[in-house]
Amino acid sequence: MKRNVGKVVEYLPFLGIVAVICTTSWLAGRSSLAGRPSLVRTPVRR
Amino acid sequence: MSQTDVRMDGSAETRADREATPGSAGGRRERLVTHRERADSYYGRPVLNEPTWKDHDIAAYLFLGGLAGASSTLAAAAELTGRPGLARASKVGALGALGGSLYCLIHDLGRPERFLNMLRVFKVTSPMSVGTWILTGYGPQAGAAAATDMTGLFPGLGRAATVGAGLAGTALATYTAALISDTAVPVWHEAYREMPFLFAGSAAASAGGLGMLAAPLAEAAPARRAALLGTAVECVAASRMERRLGPVGEPLRRSRLLRLGEALSLAGALAGVTVARRSRVAAMAAGAALLAGSACTRFGIFHAGMESANDPKYTVQPQRRRLAKKRAERELA
């Protein structure tokens, strides 16, 4: 049990790095939409 | 009493000191070989020392380096074809993956100075030396490409850095295949023909997956195509490698990680060209599957190599085959 926990802990930095890459990349992709009205969903005014 | 017995009291009838026969007192006597050892073993012991590499460092480095390099290439293609969302997401992803791969590499080396010490020489016949220089040349360009895109400063410099990082990225994504094929580990060494294609395909699939996960749907078409092409190349290279290696390829054929990696990559790539074109959630799920599939492939290759290093038959069998081939050629001549 202790050995398995140790194994999982060894992989945490890698998993953390992958999570950070995906999050920052996703945020960067979203931020590129901000200045482009054609791709941003805006409420229709009636 | 035998003349060869060694005694502590140095009796006159015994041969002591330098004259003594080693191990002749009985306890350390050499054992007679009563049978021939099997041809595929070395007394049941590993012939090679297992590499000291740890999978959470080196397999992670293989994956993150491939992701960084291929993401930069995808970013350059997106920038040149007018897809700023995909370009920005890929540039930021490439910079993050580069940071992660450097962390893994330096963690494996033990001290950061060791990386700097490798820059004291450039040896074209050493994949490790060439790789260090590729990483050093690629890093600043990937950093400049991401920084100029995020800040909007120096657009000309940003475009040049993006193209430069895209070109250097192809080398970064594939040099690791040469690096591991240049070792004595049987599976990696024997697979030198297919390994660069496998790594290139896996890198393209992971970069495509990250693009699908992060970029707007309207701009993600190149990421979907990269993922499909990368997965196809990866699967063909892997199956060809497993067949060509014959008995040495057993650890590859047995690897559950490789099978899982193929399944995830195929599922992600197929979802990418079908449902992920219309649904944001499906695109993110497909992208995550592709990233996980590529990581499983790299870890699977790493573990198969370690397994082959620990079992002497994977070292002895190819040697004996080569010897037999040479002998046959000599006899024919």
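**Exercise 1.** Leaving aside its neighbours within four places in sequence, which residues is K91(B) in contact with?

*Solution.* The model is a predicted one, and side-chain atom pairs count only at pLDDT 80 or more.

Step 1. Locate the residue. K91(B) belongs to helix α2 of chain B.

Step 2. List the contacts. With neighbours within four places in sequence set aside, K91(B) is in contact with A75(B), E79(B), A145(B), A146(B), D149(B) and T162(B).

Step 3. Classify the exposure. The relative accessible area of K91(B) is 6%; buried means under 20%, and K91(B) is therefore buried.

Step 4. The side chains of K91(B) and E79(B) form a salt bridge with an N to O distance of 2.6 Å. K91(B) lies in helix α2 (residues 84-109) and E79(B) in helix α1 (residues 55-80) of chain B, so this pair ties together parts that are 12 residues apart in sequence. The side chains of K91(B) and D149(B) are joined by a polar contact of 2.9 Å.

Step 5. E79(B) has 18% relative accessibility and counts as buried.

Step 6. A network of salt bridges links E79(B), R88(B), K91(B), D149(B) and R159(B).

**Exercise 2.** Determine how the salt bridges R322(B)–E190(B) and E307(B)–R254(B) are placed in chain B, and state the exposure of each residue.

*Solution.* 

Step 1. Begin with the total: a search of the whole structure finds 13 salt bridges over all chains.

Step 2. Take the pair R322(B) and E190(B), whose side chains meet in a salt bridge at 3.3 Å, N to O. R322(B) is in helix α12 (residues 313-332) and E190(B) in helix α6 (residues 186-190) of chain B; the pair links distant parts of the chain, 132 residues apart.

Step 3. R322(B), at 45% relative accessibility, counts as partly exposed. E190(B) is also partly exposed, its relative accessible area being 22%.

Step 4. Turn to E307(B) and R254(B), where the closest N and O atoms of the salt bridge are 2.3 Å apart. E307(B) lies in helix α11 (residues 280-310) of chain B and R254(B) in helix α9 (residues 250-254) of chain B, so parts that are 53 residues apart in sequence are tied together.

Step 5. E307(B) is partly exposed at 33% relative accessibility, and R254(B) is partly exposed at 48%.

**Exercise 3.** Characterise chain A and its interface with chain B: what is the area buried between chain B and chain A?

*Solution.* 

Step 1. Describe chain A. Chain A contains 1 helix and 0 strands, and buried residues make up 24% of its 46 residues. Its accessible surface is about 3,800 Å², with 64% belonging to carbon and sulfur atoms.

Step 2. Identify the nonpolar surface. V5(A), V8(A), V9(A), L12(A) and L15(A) make a nonpolar surface patch of about 440 Å². Among them, V5(A) is found in helix α1 (residues 2-31) of chain A and is partly exposed, with a relative accessible area of 44%.

Step 3. The size of an interface is often given as the accessible area lost when the parts come together.

Step 4. State the value. The area buried between chain B and chain A is about 1,800 Å², and carbon and sulfur atoms give 73% of this area. H56(B), R88(B) and A214(B) supply 22% of the area that chain B buries against chain A, more than any other three residues.

Step 5. The contact takes 29 residues from chain B and 18 residues from chain A.

Step 6. Count the polar interactions. Across this interface 0 salt bridges are found, while 3 residue pairs between chain B and chain A are in polar contact.

Step 7. Assign the elements of chain B. Helices α1, α2, α7 (195-214) and α11 of chain B each supply at least two residues of the side that touches chain A. The largest share of that side, 10 residues, comes from α2(B).

**Exercise 4.** Where is F154(B) placed in chain B, and what is its phi?

*Solution.* 

Step 1. F154(B) is in the loop between α4 (127-151) and α5 (155-181) of chain B.

Step 2. Phi of F154(B) is near 45°, a positive value in a residue other than glycine. Most residues other than glycine have a negative phi.

Step 3. F154(B) is exposed, with a relative accessible area of 58%.

Key:
Residues numbered from 1 in each chain as written. Chains lettered and ligands numbered in written order. Predicted model: local features only at pLDDT ≥ 70, side-chain atom pairs only at ≥ 80, totals over all residues. Heavy atoms only, no water. Salt bridge = Lys/Arg side-chain N within 4 Å of Asp/Glu carboxyl O. Helix = DSSP H or I, 4+ residues; strand = E, 2+ residues; numbered from the N terminus. Buried < 20%, exposed > 50% of the residue type's maximum accessible area, 1.4 Å probe, protein only. Patch = residues over 30% accessible without salt bridge, like charges linked within 9 Å, V, L, I, M, F, W, Y side chains within 5 Å. Areas by Shrake-Rupley, 256 points an atom, 1.4 Å probe, with all protein chains shown as cover. Contact = heavy atoms within 4.5 Å. Buried area = accessible area lost by both parts, 1.4 Å probe. Polar contact = N/O pair within 3.5 Å; in protein donor to acceptor, adjacent residues only side chain to side chain.
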